[in-house]
Amino acid sequence: MLRLGGFSLATAAVVSACGEHERGQVGRVGTAGTTTSLPTAVVTNDTLLRTASSIEHSVIAVYEQVIGDSELLDAKYDEMAKRLRDDHVAAAEALETLTTSVGGEAWICANPKFDDVIVTPVLDRITKGSEATATASAVEPSDDPHRDILHFLHGLESVTGAMYQSFVPQLTEAELRGEAMKAAVRSARHAALLALTINPDRPGGLVNFTDAVNAEPASPPTTVAATTTTQNIASPAGGAAPAAPVQQTEIPTVTAIPSQFGSLAATPLVIGRGDENGTRLKLNLETPSLNSFVYAYMKPAC
């Protein structure tokens, strides 16, 4: 009787709690936690300017890391890298001034999303390699850091130029669009200089004949030759069989004039040493989008 009575009382309490106490409201058991509304993310002029300055600071940080480090950047390119870095410093300062002029808060830090997804993984793969996981073997640091750093800098300059080009139709003031176009040209020139530095053999380093209209190359475009590593395979007799080459992923050729001006296509980047299958780290560098914009509600952490 006691068990039955207790069960009846508990059931009655639940039924009472689940019934309608007020018109249009459903009863509930317990107290629900409070919810926090998401901040409003609006793409405005200052959002685009803050995003642009954040990418500039990400690029500046990469230049700062490699300049003077002869293991990453050949010392003969230090002066060139300093000039390109200084251009980005000036661009970041101009963007911060423009941000303030449109009523926004200047962004003086690197772009968190871009750093997490692009900058840190690339630099780690070049300098540290990658650790072994449950599904993949460890990969040693880059077999040619000088090559990879130049290709990375070229990729950063290319995607920065594309970013400005993508922002031109989104900015609502003519003055801001003009500044974005100037910045796009500057980064495109940087990318062209780095392409010729990486691949100085003309015409291969000058123009992409695949995309060029009516191009008649005197010789086929040059490419970065695929490299090989070797693995020793033990023979049944206990001796060592001839080394079996492992083909490394080919690194795409970069050119000073990759295609028509203003292309927003992703920039492919292939760097680092190949894994046990010869596969290098492959990324597509794309212009910032909604998930990497620096909105007005975000506060700098640097």
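I began with the largest cavity, which has a volume of about 70 Å³. I was working on a predicted model, where local features need pLDDT of at least 70, side-chain atom pairs count only at pLDDT 80 or more, and totals for chains, interfaces and linings use all residues. Residues are numbered from 1 along each chain as its sequence is written, and side-chain values use heavy atoms, with hydrogens and water left out.

My terms here: on a 1 Å grid over the protein atoms alone, a cavity is a set of points where a 1.4 Å probe fits but cannot get out, while a pocket is an open set with protein on both sides within 12 Å along at least five of seven lines; lining residues have an atom within 4 Å of a point. Grid points are joined across faces, edges and corners, and a volume is the space filled by probe spheres set on the points.

I counted 2 cavities of 30 Å³ or more. What lines the largest cavity? I noted Leu48, Leu49, Ala52, Leu95, Leu98, Tyr164, Phe167, Leu171, Leu176, Glu179 and Ala180. The elements giving two or more residues to this lining are α2 (45–66), α3 (78–101), α5 and α6 (174–198); helices (H or I, at least four residues) and strands (E, at least two) are DSSP runs, numbered from the N terminus. By class I get 10 nonpolar, no polar and 1 charged residues in the lining of the largest cavity, with Ala, Val, Leu, Ile, Met, Phe, Trp, Tyr, Cys and Pro as nonpolar, Asp, Glu, Lys and Arg as charged, and the others, Gly among them, as polar.

Next I looked up the second largest pocket, which holds about 210 Å³ of space. It has 14 lining residues, and those closest to its centre are Lys113, Glu286, Thr287, Asn291 and Ser292. Helix α4 gives the most to this lining, with 4 residues. The classes for this pocket are 6 nonpolar, 6 polar and 2 charged residues.

**Rings**

I use pairs of Phe, Tyr and Trp rings (its six-membered ring) with centres within 6.5 Å; planes under 30 degrees apart count as stacked, over 60 as edge-to-face and the rest as tilted. I found 3 aromatic pairs. Phe167 and Phe293 are edge-to-face, at 5.9 Å centre to centre and 75° between the planes. Their pair links distant parts of the chain, 126 residues apart: Phe167 is in helix α5 (145–167) and Phe293 in the segment after β6 (281–285).

Buried or exposed? Phe167 is buried at 3% relative accessible area, on a scale where buried is under 20%, exposed over 50% and partly exposed in between (1.4 Å probe, protein chains only). Phe293 is buried too, at 6%. Tyr295 and Tyr297 are stacked, at 5.9 Å and 5°.

**Charges**

I count 11 salt bridges, each a side-chain nitrogen of Lys or Arg within 4 Å of a carboxyl oxygen of Asp or Glu.

- Arg85 pairs with Glu64, the closest N and O atoms being 3.8 Å apart. Arg85 lies in α3 and Glu64 in α2, so parts 21 residues apart in sequence are tied together.
- Arg273 pairs with Glu140 at 3.7 Å. Glu140 is exposed at 53%.
- Arg147 pairs with Asp143 at 3.1 Å. Arg147 is buried at 13%, whereas Asp143 is partly exposed at 33%.
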